Amino acid sequence: MIELDSVREMRRWSRARRAEGGRVGFVPTMGALHEGHLRLVDRARARADATVMSVFVNPLQFGPHEDFARYPRDLARDRDLAERRGVNCLFVPGAAEMYPTTPVVRVIPGPLADHLCGPRRPGHFEGVLTVVAKLFHAVEPDVAVFGRKDVQQARMIRCMAADLDFPVEIEVAPTVRESDGLAMSSRNTYLSAADRVRARRIPEALEAAHARFRSGLASAAALCQVVRNALAEDPAIRIEYIEAVDPDALAPVETGGADTVLALAVHIGATRLIDNVALGDGLAGDPRVP
Ligand code: AMP
């Protein structure tokens with residue numbers, strides 16, 4: 001595995017792979033790698049001849065009171081995990097390389113940010129799309145793989161690639177979960193042991209709504225209430241939002257269908273966690289890691 005920290009070198013490396021006739025796969029991350037990230041690498045490797053992973057904690061996507069400073073960083077561990085999983089190139093640009101000056105022109109998500117996390121994290125998705133656009137220009141991938149865990153982000157990136165003519169295929173991989181169903185996240189490391197136990201209620205609540213949907217309950221408000229009631233059993237879980245939206249526009253629906261996305265954000269202690277399922281699927285298709 002080669003490690004690069006400059007945009008110029010990254011582009012040169014990627015162009016050399018393509019000049020050899022190879023396809024370049026790309027997995028952007030903020031590091032603190034877990035099995036969820038590594039499954040994206042598996043997907044990229046299956047679709048390409050050379051796989052690039054970026055590790056960059058993007059300051060542009062954090063709000064002033066969010067966890068940028070304390071976001072977990074462990075490059076030595078990430079390097080080891082990435083190499084062992086078959087990443088060919090680790091792209092680790094510093095903040096000064098990505099943002100020699102604070103970008104004035106940015107990519108805006110439009111109405112895709114009107115619901116779910118959008119209104120609760122002003123500027124977040126603008127920061128995400130801007131850095132992903134820049135990373136796409138640095139890596140020039142043929143295929144890029146994102147996680148369904150961040151369903152709103154994945155949808156926006158797909159739309160950005162289509163709307164702005166990025167010549168890249170966007171692939172979205174299922175949410176990888178811990179053995180008890182909790183979606184893997186770098187932020188799970190913030191949870192105390194007691195809060196980690198509490199967090200099991202999140203997948204359980206989503207699964208409860210899925211079960212009610214399967215047995216005939218279709219009202220989106222009622223399905224969200226099922227989730228709310230399941231979470232409310234633990235007063236230490238603070239609900240930020242629970243919404244049922246359509247998978248394309250990410251706008252709220254009144255009646256749930258199989259592809260309706262049921263998504264939530266909660267706070268447990270100082271940790272903000274998100275998760276989602278498609279009503280028709282529930283957690284069934286999501287791989288679990290022992
Ligand atoms: P992050 O490092 O959290 O910015 O995530 C980098 C990529 O990994 C994004 O495409 C995420 O959606 C994806 N990802 C994070 N957690 C998971 C998970 N549990 N399962 C699948 N993909 C994930």
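This is a predicted model: local features need pLDDT of at least 70, side-chain atom pairs count only at pLDDT 80 or more; totals for chains, interfaces and linings use all residues.
Trainee: How many cavities of 30 Å³ or more does a search of the whole structure find?
Mentor: The search finds one cavity of 30 Å³ or more.

Trainee: Which residues are closest to the centre of the largest cavity?
Mentor: They are M30, H37, K149, D150 and Q153, out of 48 residues that line the cavity.

Trainee: And which elements give two or more residues to that lining?
Mentor: The helices are α2 (35-47), α6 (124-139) and α7 (151-163). The strands are β2 (24-29), β5 (143-147), β9 (261-268) and β10 (271-278).

Trainee: Which of them gives the largest share?
Mentor: Helix α6 does, with six residues.

Trainee: How do the lining residues divide into nonpolar, polar and charged?
Mentor: There are 27 nonpolar residues, 15 polar ones and six charged ones.

Trainee: Changing topic, how many salt bridges does the structure hold?
Mentor: It holds 24 salt bridges. In one of them, the side chains of R85 and E35 meet at 2.7 Å, N to O. R85 belongs to helix α3 (residues 75-85) and E35 to helix α2, and the two are 50 residues apart.

Trainee: Are R85 and E35 buried or exposed?
Mentor: Both R85 and E35 are buried.

Trainee: What about E171, which residue does it form a salt bridge with?
Mentor: E171 pairs with R43, and their closest N and O atoms are 2.8 Å apart. Because E171 lies in strand β6 (residues 169-173) and R43 in helix α2, this pair ties together parts that are 128 residues apart in sequence.

Trainee: Why does E171 count as buried, and how does R43 count?
Mentor: E171 has a relative accessible area of 13%, and buried means under 20%. R43, at 30% relative accessibility, counts as partly exposed, because that class lies between the 20% limit and the 50% above which a residue is exposed.

Trainee: Where are D180 and R200, the other pair I had marked?
Mentor: D180 is in the loop between β7 (177-178) and α8 (193-198), while R200 is in the loop between α8 and α9 (201-214). They are 20 residues apart. The closest N and O atoms of their salt bridge are 2.9 Å apart. R200 is partly exposed, with a relative accessible area of 37%.

Trainee: Finally, which residues do salt bridges with shared partners join into one network?
Mentor: That network consists of R23, R43, R47, E169 and E171. It includes R43 and E171, whose salt bridge we discussed above.

Methods:
Residues are numbered from 1 along each chain as its sequence is written. Side-chain values use heavy atoms; hydrogens and water are left out. On a 1 Å grid over the protein atoms alone, a cavity is a set of points where a 1.4 Å probe fits but cannot get out, and a pocket is an open set with protein on both sides within 12 Å along at least five of seven lines; lining residues have an atom within 4 Å of a point. Grid points are joined across faces, edges and corners, and a volume is the space filled by probe spheres set on the points. Helices (H or I, at least four residues) and strands (E, at least two) are DSSP runs, numbered from the N terminus. Ala, Val, Leu, Ile, Met, Phe, Trp, Tyr, Cys and Pro count as nonpolar, Asp, Glu, Lys and Arg as charged, and the others, Gly among them, as polar. A salt bridge is a side-chain nitrogen of Lys or Arg within 4 Å of a carboxyl oxygen of Asp or Glu. Buried means under 20% relative accessible area, exposed over 50%, partly exposed in between (1.4 Å probe, protein chains only).
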